[in-house]
Amino acid sequence: MNCKFGGNYQLVQSGREAATLGKKVMVLDYVVPTPLGTTWGLGGTCVNVGCIPKKLMHQAALLGQALKDSRAYGWQYEEQVKHNWETMVEAVQNYIGSLNWGYRLSLREKSVTYQNSYGEFVEPHKVKATNRKGQVTYHTAETFVLATGERPRYLGIPGDKEYCITSDDLFSLPYCPGKTLVVGASYVALECAGFLAGLGLDVTVMVRSILLRGFDQEMAEKIGAHMETHGVTFIRKFVPTQVERLEDGTPGRLKVTAKCTEGPEIFEGEYNTVLLAIGRDACTRNIGLQTIGVKINEKNGKVPVNDEEQTNVPYVYAIGDILDGKLELTPVAIQAGKLLARRLYGGSSTKCDYINVPTTVFTPLEYGSCGLAEEKAKEEYGEQNLEVYHSLFWPLEWTIPGRDNNTCYAKIICNKLDSNRVVGFHVLGPNAGEVTQGFAAAIKCGLTKELLDETIGIHPTCAEVFTTMDITKSSGQDITQRGC
C-alpha cells in the first residue's frame with residue numbers, strides 16, 4: 001500500500017495518480033483545530049484557508065473598486081452601496097464545501113481509502129491513525145508520502161493565542177473583523193490587509209523589518225506605497241509585546257502594546273481584530289519522523305530531500321511546503337506529487353523542475369513574477385552583466401476614472417552574457433497572474449529581449465508593455481507614460 005500523510009490538494013492528486021497506476025492507496029488527513037477552534041475539510045491549506053478564499057475575497061474588494069469606477073463610465077445608482085461580510089463568507093464557504101465534497105468523490109472513484117485521522121509513525125512501515133473521537137487504527141505500507149504542509153506561526157507573547165486570529169481563522173470568520181491590525185509583512189499579511197481595506201475596513205500593518213522578504217524589493221516597496229496611498233496604515237520597525245482584551249464581542253476590542261526594533265519607543269493601539277501573519281511552521285515535529293529516522297532541518301522543521309523528493313529514509317518521500325529549500329506553492333506540490341507517482345509506479349523518469357516557477361501576490365495592485373529578483377540576479381550574474389529594462393504604465397481601463405496613473409510597473413532582467421536572456425520577469429498591475437502565466441511559458445523556452453521585441457503586442461492591454469520596453473535602468477531615462 002501507498003500511504004499519504006495530509007489532506008492537501010496535491011496529495012489528493014498524487015493519491016489519485018498512484019491509484020490510477022494500479023496501487024492501493026490510503027490518504028490520512030486531520031486538521032488540528034486552531035486555538036479558536038477553526039477546522040476545515042479535505043483539500044488542505046490552499047483550498048480551505050489559502051489561495052481559493054484569498055482570491056475570492058480579493059475579488060470582492062476589486063468589485064468595490066469597480067463600483068466606484070463605474071460612475072465615471074456613466075453608471076448611475078442612488079442606492080447606498082455597502083459590503084456585507086456575512087454574505088461574502090457564506091458564499092466563499094459554500095464554494096469551498098463543494099470542493100471538499102468533490103475531492104472526496106474523486107478519491108472514492110479511484111478506490112483511494114480516505115481516513116480523517118491524524119497519522120504518526122510508530123515503527124518502520126507502520127503508522128498509527130487517530131480520529132477526532134480518539135479511536136486508533138494501525139496501518140502498514142510499502143511507501144509513504146509526506147505532505148503535511150505548514151500552519152501559521154504565533155508570536156509567543158501574552159495574549160496571542162487567546163485573542164489573535166490567523167489566516168486559518170479569517171476566511172470563515174462569522175463576523176466582520178472591524179478595525180484590524182495585521183502583524184507581519186509576508187504575502188499573506190499584505191494580501192489580507194489589502195482585501196480588508198478594499199472592503200472598507202480600517203487596516204493597519206505592523207512591520208518588523210522589510211516587506212515581502214524573498215521577493216524583489218523594488219516591487220515590494222511599490223506595493224507598500226500603493227497600499228498606503230489607498231488607506232492602509234503602516235507601522236514600521238515595531239513588534240507586538242502584548243495583546244489584551246478590553247471588551248468582549250464579535251468583534252470585541254483589543255489593546256496592542258508593541259516595541260520599536262531600533263529604539264526605546266513603545267506603541268499602544270486599540271483594534272477590534274489582530275491578525276497574525278508572521279510566517280508558517282512545517283507540521284513535521286509531531287508525526288513520529290524521529291521514530292523511523294527521517295531527518296528534518298531542526299531550525300525550521302522542514303524535510304531535506306534529493307532531486308526525486310526522497311528523504312534519507314528510502315521508503316519515505318515528501319512534497320509541498322515542508323520541503324527544505326523549495327518553493328511554498330500549491331501548483332509546485334501538485335506537479336511534484338503527480339511526477340513522483342509516475343516515477344514510482346509508471347516507469348517515468350521525469351523530475352519536478354523547481355526553476356523559473358511563476359507566482360503572483362494578490363495585493364490590491366497584483367504582483368506577478370517569474371525567475372530571479374533583481375537582488376538575486378545581481379548576486380548570481382554580477383550587476384555589470386545584467387541589463388534591466390523597465391517601464392511604468394497606465395491601464396486603459398483606469399484612464400476614464402483617472403485612477404493611479406504611472407503606478408503600475410513592469411521590468412525584465414536580462415543576462416547580457418547569454419544573448420540578453422530573460423532571467424527575471426516582474427509586473428505590478430491588474431490581472432498580473434494572467435499576464436505572468438503566459439510569459440512563464442516563454443521564459444521556460446529561453447525567452448530573450450530580442451524575441452520580446454519581435455513579438456507584436458495586443459493593443460490596448462497591460463501585457464503589451466513587455467513588447468515595447470526600450471528604456472534601461474542604467475540609462476536613467478524617464479519611464480513615466482502619458483498615453484497609449
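**Figure 1. Overall fold of the predicted model.** Of the contacts (heavy atoms within 4.5 Å) in the protein between residues at least 6 apart in sequence, 63% join residues at least 24 apart. The model is predicted, so local features need pLDDT of at least 70 and side-chain atom pairs count only at pLDDT 80 or more, whereas totals for chains, interfaces and linings use all residues. Residues are numbered from 1 along each chain as its sequence is written, and side-chain values use heavy atoms, with hydrogens and water left out. The protein contains 14 helices and 23 strands; these are DSSP runs, numbered from the N terminus, with helices (H or I) of at least four residues and strands (E) of at least two. A compact globule of 484 residues would have a radius of gyration near 23 Å, and the 24 Å of the protein agrees with this; the radius is taken over C-alpha atoms, and the globule rule is 2.2 Å times the number of residues to the power 0.38. Along the principal axes, the C-alpha trace spans about 70 × 60 × 50 Å.

**Figure 2. Close-up of helix H10.** Helix H10 comprises residues 330-345. Its 16 residues reach 23 Å from first to last C-alpha, close to the expected 22 Å, a span defined as 1.5 Å times one less than the number of residues. Buried residues of H10 include Val 332, Ile 334, Leu 339, Leu 340 and Arg 343. Here buried means under 20% relative accessible area, exposed over 50%, and partly exposed in between (1.4 Å probe, protein chains only). After H10 comes Gly 347, with a positive phi near 75°.

Figure 3. Strand S22 covers residues 408-415 and includes Asn 415. Asn 415 has a relative accessible area of 8% and is therefore buried. Beyond neighbours within four places in sequence, Asn 415 is in contact with Tyr 381, Asn 385, Leu 386, Asn 420, Arg 421 and Val 423.

**Figure 4. Two residues with positive phi.** Asn 406 occupies the loop between helix H12 (396-399) and S22. Its phi is near 55°, and Asn 406 counts as partly exposed because its relative accessibility is 21%. Leu 212, in the loop between strand S11 (203-207) and helix H8 (217-229), has a phi near 50°. Leu 212 is buried, at 1% relative accessible area.

**Figure 5. Two cis peptide bonds.** Thr 250 and Pro 251 are joined by a cis peptide bond with omega of about 5°. Pro 251 belongs to the loop between strands S13 (238-247) and S14 (253-260). The bond from His 459 to Pro 460 is also cis, with omega near 0°; Pro 460 sits in the segment after helix H14 (449-454).
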